[in-house]
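Keep the structure open as you read.

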There are 2 protein chains.
Amino acid sequence: MLVWERPEPPDRPTPGALSRDRIVRAAILLADADGLDAVSLRKVAAALEVGPMRLYGYIATKDELLDLMSDAVYAEIQPAGEGWRAALTSLAETTRDAAHRHEWFADLLGGRPRLGPHALAQGEAVVSRMSGIHVDDVMPMVGAVNAYVAGAVRQEITERRAERTSGLDKRQWQAAFGPYLQRLFASGRFPAMSAVVHDAAHLDADRSFRLGLDLLLDGIAARLAR
Amino acid sequence: MLVWERPEPPDRPTPGALSRDRIVRAAILLADADGLDAVSLRKVAAALEVGPMRLYGYIATKDELLDLMSDAVYAEIQPAGEGWRAALTSLAETTRDAAHRHEWFADLLGGRPRLGPHALAQGEAVVSRMSGIHVDDVMPMVGAVNAYVAGAVRQEITERRAERTSGLDKRQWQAAFGPYLQRLFASGRFPAMSAVVHDAAHLDADRSFRLGLDLLLDGIAARLAR
DNA sequence: CATCGTGGCGATACGGTGTATTGGCCAATA
DNA sequence: TATTGGCCAATACACCGTATCGCCACGATG
């Protein structure tokens, strides 16, 4: 049950030959274009001009393919920076950037164990930059940032998707939810929320993500100062 | 396309009659028992001793059923407490408790718009308790807590599931990942992580969740004090 | 060189899914 | 009583992940 490791055939691969990499890349292209639901083993195989069963010589199951796709994205996330605050900020921003390039990544983020080699390498890159922090504090702090990032990114992508599908048929969306929401708010059952959504300044996604992250990092800084 | 509102037939319902509530409750029982994947319209219908197509008189699509299930869980989350810190803490803990009762909720959390009536009521309960906070700061702060909670809870449930399935056949799991991880760590490519997982105290899930939450709340408190 | 064995690969098959369509039956109305 | 309308069940379709089977081509062996 080797998941992330599977030896390629030792003789140099024929250029057109199948491989785990080619399969994962094809799956990622499909997911980038049409979302995770568009990734089926049949479609991936078709994109590679191959029968569906061929894939089972390289991956054991569809879940394993999803794990490999995730780990391929982790390869794109390599946080840099000096000092813990820069490292954690970079971790958050590069993860978010990756999710913007691959929206489906937001759906997988946190939904499966992060044990792939690239995910581990990313963890190493972060942990190794947490200089001067007590060893007992490293994982909780990194974990908290990862949790915030996963939740915030998923929320953001969800909203973006909702806006996009409502943009395609904004008329429909407004017809469906506009009256419903309007009635609820007019009902007076949500006075506090009404006041906030009416009066508050609306931040764009960048600023809102950054603000929440800064709150968390400020809390970490305060803890470290004690 | 009324999603969360659909009038029940006005004459008082026959006890055994179908209804959105009965459908949602049956789906939740299935999901609690065997996970989200076990929720299929056919199985829900079978649990209600009814043909699958009957459900389409009450819900438009399976996604709508998932939205209704989510919103039913939000009905269980009613944060209490006086003052913003108690309210946000309560929001986090009750959300986490709900995900412990309904593990599938962690998979849905943040994955779809939170526009159901109970979700809105929960939002109102939180916002109305953010007393003394500038109107522009309310949503970002509540949003940050919600993001952290969603990410942390999903991560926690994912780990819990991995442990459980590996508990069923722990031998298999160790045989699969033990050597792989051992080799990676022995390879010396992850010195910082190795040191941390070797030397650091391991917190249980309760403490780790609470610690991350406190970091974020401390950051909020610091911001409010400025 | 002829034959046999083998192993990889394609096609087929199975049980499941969400949902569209069809057709029949029952009940209320003209 | 004849008709019509609406509800409900059954059927149907396209697709999914994956198990199985049978063929064919190739390498080893007599």
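Gly123(A), Glu124(A) and Val127(A) in α6(A) meet Ala192(B), Met193(B) and Val196(B) in α9(B). Contact here is judged from C-beta atoms placed from the backbone, which must lie within 7 Å of each other. Helices are DSSP runs of H or I with at least four residues, strands are runs of E with at least two, and both are numbered from the N terminus. By class, this contact of α6(A) with α9(B) has four nonpolar, one polar and one charged residues. Ala, Val, Leu, Ile, Met, Phe, Trp, Tyr, Cys and Pro count as nonpolar; Asp, Glu, Lys and Arg are charged; the others, Gly among them, are polar.

The axes of α6(A) and α9(B), the latter spanning residues 191-199 of chain B, come within 7 Å and cross at roughly 80°. α6(A) is therefore roughly perpendicular to α9(B). Axes are lines fitted to C-alpha atoms, for helices over the stretch in contact, and angles between N-to-C directions run from 0 to 180 degrees. Angles under 35 degrees count as roughly parallel, over 145 as roughly antiparallel, 65 to 115 as roughly perpendicular and the rest as oblique.

## A note on the model

This is a predicted model: local features need pLDDT of at least 70 and side-chain atom pairs count only at pLDDT 80 or more, while totals for chains, interfaces and linings use all residues. Residues are numbered from 1 along each chain as its sequence is written, and chains are lettered from A and ligands numbered from 1 in the order in which they are written.

## The two chains together

Stepping back, 59 residues of chain A are in contact with 59 residues of chain B. On the side of chain A that touches chain B, the elements giving two or more residues are α6 (117-127), α7 (135-168), α8 (170-186), α9 (191-199) and α10 (205-225). The largest share, 18 residues, comes from α7(A). By class, this side of chain A has 37 nonpolar, 13 polar and nine charged residues.

How are the copies related? A rotation of 180° with 0.0 Å of shift along its axis superposes chain A on chain B, with an RMSD of 0.0 Å. The two copies are thus related as by a two-fold rotation axis. The same surface serves both copies, as 100% of the contact residues of chain A recur in chain B. The superposition is by least squares on the C-alpha atoms of residues with pLDDT of at least 70 in both copies.

## Around the DNA

DNA strand C is surrounded by 13 residues, and the closest are Met53(A), Ser40(B), Leu41(B), Thr61(B) and Lys62(B). A residue counts as near a strand if its C-beta atom, placed from the backbone, lies within 6 Å of it. Helix α2 of chain B (residues 41-47) gives the most to this surface, with three residues.

For DNA strand D, 13 residues surround it, the closest being Ser40(A), Leu41(A), Arg42(A), Lys62(A) and Met53(B). Here helix α2 of chain A (residues 41-47) gives the most, with three residues. By class, the surface near DNA strand D has five nonpolar, four polar and four charged residues.

Terms used:
Two residues are in contact if their C-beta atoms, placed from the backbone, lie within 7 Å.
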